Amino acid sequence: MKTVLVTGGGGLIGQAIVDRHLAAGDDVYVYDNRANSFNDYSALRGTDISGIGSLEELVTYRKFDIVSHQAAFVGVGESQYNVLKYVDNNVTFTAKLLQAFVSNKGYMPELFMLAGSMGPYGEGPYRCSQHGIFYPSREGVAGPACPVCAQPMMPQAIDESCELHPKSVYGFTKKAQEDLLRVFSQTYRMRAISLRYFSVYGLNSNPNNPFTGVLSVIANKIINSPQVSMYEDGEQTRDLICADDVGAAHFAATRMRQDFLFEAFNIGTERSRSLRAISDQMIARLMPGKPLAFSGEYRFGDIKHSQAICRKFREMTGWEPKVTLDEAIEQYCRFVREHWSRFSTAEDTSSMEHMRLKEKGLI
Ligand SMILES: NC(=O)c1ccc[n+]([C@@H]2O[C@H](COP(=O)([O-])OP(=O)(O)OC[C@H]3O[C@@H](n4cnc5c(N)ncnc54)[C@H](O)[C@@H]3O)[C@@H](O)[C@H]2O)c1
Ligand SMILES: [Zn+2]
């Protein structure tokens with residue numbers, strides 16, 4: 001049995017982590033300031049010690065074997081116009097948490113787990129059939145072209161050896177958290193792992209919540225908008241992983257044999273699907289015939305494609321994601337049908353975000 005502290009433990013991923021560790025008999029404590037107004041904190045699992053006071057008091061409340069740092073602001077779009085808010089809460093707060101261990105001088109945790117992210121990879125690697133691999137940027141809907149011959153390039157799946165080129169302020173903050181943790185881990189000989197989650201969704205997410213993944217955003221649009229309108233051309237792809245599988249990955253990471261001080265691992269399904277295909281599948285199940293439109297608009301900071309390679313983590317832990325996207329869509333659509341009235345009265349938070357980004361010239 002391990003004693004585990006989960007910061008941000010009331011969130012989508014935090015609660016999945018809490019559930020998995022509780023199921024294994026760990027003693028789990030949650031610290032969460034309830035900053036995500038879309039989350040339902042009423043049925044929070046784990047021992048809630050959010051009112052503990054300072055971070056120094058938090059880290060000395062118990063001798064935690066494992067500290068799992070999930071707390072962060074998670075809106076990619078919002079981070080682009082609330083720069084200080086994101087850097088402060090994601091980077092400075094991580095520094096404060098680590099500082100609390102230094103100031104305390106009593107102990108360092110046996111293992112520090114970080115919620116890393118695919119964000120720092122940015123667009124990821126692309127291959128030109130003639131000129132090889134590049135890490136391009138793009139400034140519009142079209143996929144990146146080869147900087148040598150200007151021909152279209154093929155997106156490549158991403159492993160941990162890929163270069164990091166964050167495209168959003170949020171992506172920058174996730175990279176900064178990881179860089180800081182790596183240095184801290186080496187300085188204090190504290191074992192640490194960053195799990196770089198790809199796009200995580202919940203299977204019973206609040207329909208208002210624009211952060212709990214693409215399934216809740218699409219369901220909201222199907223039910224509440226005259227047409228399902230999405231950015232770009234619908235060919236953007238995402239590697240979507242269920243929060244429960246992330247919880248299982250977290251647990252597996254805490255139990256693996258660790259011959260390293262600090263390591264980062266991708267956590268995804270190694271499959272990706274286009275937003276057009278996901279929207280089509282959901283429309284067919286929820287409201288057949290509903291028009292689907294792609295605006296051709298490009299949000300600066302959005303990436304075109306993303307697909308993880310998780311071989312390193314699978315080989316070290318035996319972990320495999322269990323929930324397929326088809327099963328998830330089926331199950332999520334069932335959930336939507338059962339909670340139709342909640343969805344039909346949900347705020348259209350993505351349209352509000354759209355207006356804000358437009359005002360700032362970020363679309
Ligand atoms: N959801 C995804 O697709 C995804 C992908 C990659 C990485 N991540 C990372 O996973 C972690 C969890 O994200 P999530 O999707 O569960 O989001 P979430 O908003 O549901 O959970 C984050 C929780 O952290 C809490 N929090 C934020 N700042 C805090 C602070 N200063 N002190 C205490 N609590 C604080 C919030 O109240 C929230 O409940 C984040 O670090 C996020 O960057 C998420
Ligand atoms: Zn080329």
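Angles under 35 degrees count as roughly parallel, over 145 as roughly antiparallel, 65 to 115 as roughly perpendicular and the rest as oblique. Axes are lines fitted to C-alpha atoms, for helices over the stretch in contact, and angles run from 0 to 180 degrees between N-to-C directions. Helices (H or I, at least four residues) and strands (E, at least two) are DSSP runs, numbered from the N terminus.

This is a predicted model, in which local features need pLDDT of at least 70, side-chain atom pairs count only at pLDDT 80 or more, and totals for chains, interfaces and linings use all residues. Residues are numbered from 1 along each chain as its sequence is written, while chains are lettered from A and ligands numbered from 1 in the order in which they are written.

**Helix packing**

| Pair | Residues | Angle | Axis separation |
|---|---|---|---|
| α4 and α5 | 83-104 and 169-188 | about 15° | 9 Å |
| α8 and α10 | 275-286 and 325-338 | roughly 45° | within 10 Å |

Helices α4 and α5 are therefore roughly parallel to each other. On the α4 side the contact includes Val83, Tyr86, Val87 and Leu98, and on the α5 side Val169, Tyr170, Leu180 and Phe184. Contact here means C-beta atoms, placed from the backbone, within 7 Å. The contact of α4 with α5 holds eleven nonpolar, four polar and no charged residues. In this classification Ala, Val, Leu, Ile, Met, Phe, Trp, Tyr, Cys and Pro are nonpolar, Asp, Glu, Lys and Arg charged, and the others, Gly among them, polar.

The crossing of α8 and α10 is right-handed. Ile278, Gln281, Met282, Arg285 and Leu286 of α8 meet Ile329, Cys333 and Val336 of α10; six of these residues are nonpolar, one is polar and one is charged.

**Ligand 1**

Around ligand 1 there are 28 residues, of which Gly8, Gly11, Ala71, Ala72 and Ala115 come nearest (near: C-beta atom, placed from the backbone, within 6 Å). Two or more residues each come from α1 (12-23), α4, β5 (111-117) and β10 (199-201). The largest share, three residues, is that of α1. By class the shell has 13 nonpolar, twelve polar and three charged residues.

**Domains**

An automatic or database assignment gives domain 1 (3-122 + 164-298 + 305-359) and domain 2 (123-157). Their centres, taken over C-alpha atoms, are separated by 28 Å. Contact involves 13 residues of domain 1 and seven of domain 2. The domain 1 side comprises four nonpolar, six polar and three charged residues.

Notes: Two residues are in contact if their C-beta atoms, placed from the backbone, lie within 7 Å. A crossing is left-handed if the near helix is turned anticlockwise from the far one by less than a right angle, and right-handed if clockwise.
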